[in-house]
Amino acid sequence: MVKNYLKIAFRSLRKNKLFSLINILGLSVGITAAVFILQYSFYELSFDSFHTNRADIYRVMNNRYEGDRLIQSGQITYSAVGPQMEADYPEIIRSTTVNNTGEIILRLDDKLIEAQRGFYVHQSFFEMFDFELIAGDASNLVADLNAIVLTESIARRLFEIKDDDFKSIVGELILLDRETNPTKITGVIKDVPENSHLDFEVLVSRATLIQAWPQARSSWNSSDFFHYVQLVPGTDQKQLEAKFEDFSNTYFKGDEVTGTFEKFHLQPLDEVHLYSDYEYDFAVKGDGRMVWALITVASFILLMAWINYINLTTSRALERAKEVGIRKVVGAERGQLIRQFMTETVVINLIAIVISFTLIQIFQARFNSLVEMDLSLLNFIQSVYAGIPVALILGLVLLIGIALSGAYPALVLSSYKPSQTLKGKFERSSGGNLLRKGLVVFQFCISTLLIAGTLLVYKQVEFMRNQDLGFEMEQVMVVNGPMLTSFDTTFIERIATFKSELKKNPNIQEVGTSANLFGDRLPRTFNVRPEGGTEGYMLNRIHADYGFAKTYDIEMVAGRDFLQTDHKTQGSLVKNVLLNGKAVELLGLGSPESAINKKINFWGRDWFVVGVTEDFHNRSLRQTIEPIVFVPFYNPSYDYYNIKLSSQNIRESVAAIEQVFNDFYPGNIFEFSFMDEQFDQQYKSDELFGKVFNLFSILTIIISCLGLFGLAGYTAIQRTKEIGIRKVLGASVTDILRLISTDFVKLVIVASLVSLPLVYLGAKEWLANYAFQITPGVWLYAIPIGGVLLVALITISFHIFKSANRNPIESLRYE
């Protein structure tokens, strides 16, 4: 019987080639697009899934308040917090503390390499997290002073590793940065998986940090630490968090200890990657909002592909009604007919799945290039989400979709009575027509929403890119400071000479140093008070020199810029600062002019305001303009040299700068980037979302149009005699065009009207994430509606013109 069903199914496919082609093509495109989207989305959702205890691991989060005002939110907190929580609460099995090392220079004899990322960690780090050890004693990796664990890639760069013999380098001694005490290599681990929010190349023992910074051991007011806790399985997170208020009262005594009120909560490990837009966050960050939006798009694409199948199959009811009648007359039962039609559905879907998997293999490399990831169909199918194999999830989705999309047409077609269909008295169900129209409306409603979404993302990103930021970053080259050079009594004079030497080059216009770059989160300074004030405020802080503002064309609206004499070898003698307009306003210093020479207090001493800059966007337009204090400090290990170039001879200028850098700072690594490229990285997520959204919006429209193309064709066939009669009675091609297209245009208009409030609400919700945003106008609604309407008319025009130009004699002889 199954063989017979299959034979009839393939016979039906051959007989109705256009119908079959449209269905298979629509399903293939839909499945291909959905799988590509789900590859990306499930990869983003897979972050940190390789840790055995991932369900019980949390980050300790600290919200800091000045009165009722939230001034800082994130995972940065005090060194004593994590260990004390472990001691106080039996629900916590263990805690581990992490500090960011920043960039580290590794020195082996005359060989220098730079590790871009590293952490200071305790031995409990390896007990909590699962990073594969390939050499070393797992029980004693970072327990001792001056111990370091390397990743495989760093080990290969530093040593000549033969036959993967990493054990041979365990026990070797190297030097870090400017240190003279050697550090022992205690282990080598596999490179960190790409789907880890913790991204590092080296791990250094916390004992090394504590030796240089005793507060790192246990402090309630020294804040630069990140804690993770592992809970007893089954622990209620909310119940544990409810105890943290007493924890704050006990150890921080309101705001007595730190000057601020400290509130704590926990963030599950599986939320860190997608929901971590926090201050000082070193996590590899994604965008959970974007991921779930794309999963929704994937769901709609699959749904629309199956809707096409339902519409096209039921639209052929008239054609297949007599077939059903004859089969019933010769003894076919309704159940047999349902199985026959379901077999056709399965065959079409299986062919579409095979084609779609082939298309995925063909276009995988291009998709990977678009999302800048190394994804594959095999890895996707083999992955696991929430403990369930993705292959099982995908299989169930396809199975349910096939079953539901095939069930309705099968039930409808098998229900016809032979007594009516064989006599030619078959009439279409008004309910079936209404359902088909409703599904078409749904398809074009989704298409309108996706076009509007694509347009909105594009306009917002363009707005952010073209907005006046308050500074000029074009042609600014950023050179990493000399990390191996110590700050001594000669450094200020040396850097002045270095800058003077650079500016002898006619292609170099200005040079300034800073400890921070635009686009980065700035360090915070708390409890900043105006002279005579009792209330403290939080300001962002930039360490910059006397050339920084000039390099970026930041306007001084009052007072003066820094002078070379503002810099001092002894930090306690530095007394002058700059403020931006926002800081002047926050501190209540009046106008920029009146703020000049006023005192402000922080770090336990007074500072004099010598200048006020205009406000500028230090970060992307997602964030508000921040209050900033500029302090004239140098730190060769962390400073950047910002060099303004002319637009001429860029390559020669870079070579000249490298030569001067090497002359002044021999033995240091010369690395550079350009400020505009670095700043634009902030918009990378939005741009990627826009590109992916745009691509799959187009595919969604194609799927909708395939269905509309098929429906228009069958509509034209059904109305063949009517068109012939109308032409005989004098109807023109234009009249026929208007007649047939009206019904479809009405459906598109209804879809557009339904989508309007959804576009408005979606735009409002999405733009709420941006402090500076576009104002959506009529274009946000008119362009998607006009575009969908135009595409729909073009899609149905082929069948309309074909029917309208047909000889009426042939039309009247039809059937």
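Analyst: On a 1 Å grid over the protein atoms alone, a cavity is a set of points where a 1.4 Å probe fits but cannot get out, while a pocket is an open set with protein on both sides within 12 Å along at least five of seven lines; lining residues have an atom within 4 Å of a point. The model is predicted, so local features need pLDDT of at least 70 and side-chain atom pairs pLDDT 80 or more, whereas totals for chains, interfaces and linings use all residues. Residues are numbered from 1 along each chain as its sequence is written, and side-chain values use heavy atoms, without hydrogens and water.

User: Which helix gives the most to the lining of the second largest pocket?

Analyst: The second largest pocket has a volume of about 630 Å³. Its lining has 23 residues, with Ala293, Leu449, Gly453, Phe693 and Gly762 nearest the centre, and it divides into 17 nonpolar, four polar and two charged. Helices (DSSP runs of H or I, at least four residues, numbered from the N terminus) that each supply at least two lining residues are α10 (288-315), α16 (430-466), α23 (684-718) and α25 (733-767). With seven residues, the one that gives the most is α16.

User: Is α3 parallel, antiparallel, perpendicular or oblique to α8?

Analyst: The axes (lines fitted to C-alpha atoms over the stretch in contact, with angles from 0 to 180 degrees between N-to-C directions) of α3 (residues 81-88) and α8 (residues 244-252) come within 12 Å and cross at roughly 120°. Angles under 35 degrees count as roughly parallel, over 145 as roughly antiparallel, 65 to 115 as roughly perpendicular and the rest as oblique. That makes α3, relative to α8, oblique.

User: Which residues in α8 do Val81, Gln84, Met85 and Asp88 in α3 meet?

Analyst: Contact means heavy atoms within 4.5 Å. On the α8 side, the four residues of α3 meet Phe244, Phe247, Tyr251 and Phe252.

User: At what angle do α24 and α25 pack?

Analyst: Helix α24 covers residues 720-728, and its axis lies 10 Å from that of α25. The contact joins Glu722, Ile723, Arg726 and Lys727 of α24 to Ile736, Leu739 and Ile740 of α25, a set of four nonpolar, no polar and three charged residues. The two helices are roughly antiparallel, because the angle is about 150°.

User: Which residues of α21 make the contact with α17?

Analyst: Helix α17 (residues 491-503) and helix α21 (residues 650-664) pack at about 155°, with axes 10 Å apart, and are therefore roughly antiparallel. From α17 come Arg494, Thr497, Phe498, Glu501 and Leu502; from α21 come Ile657, Val660, Phe661 and Phe664.

Methods
Grid points are joined across faces, edges and corners, and a volume is the space filled by probe spheres set on the points. Ala, Val, Leu, Ile, Met, Phe, Trp, Tyr, Cys and Pro count as nonpolar, Asp, Glu, Lys and Arg as charged, and the others, Gly among them, as polar.
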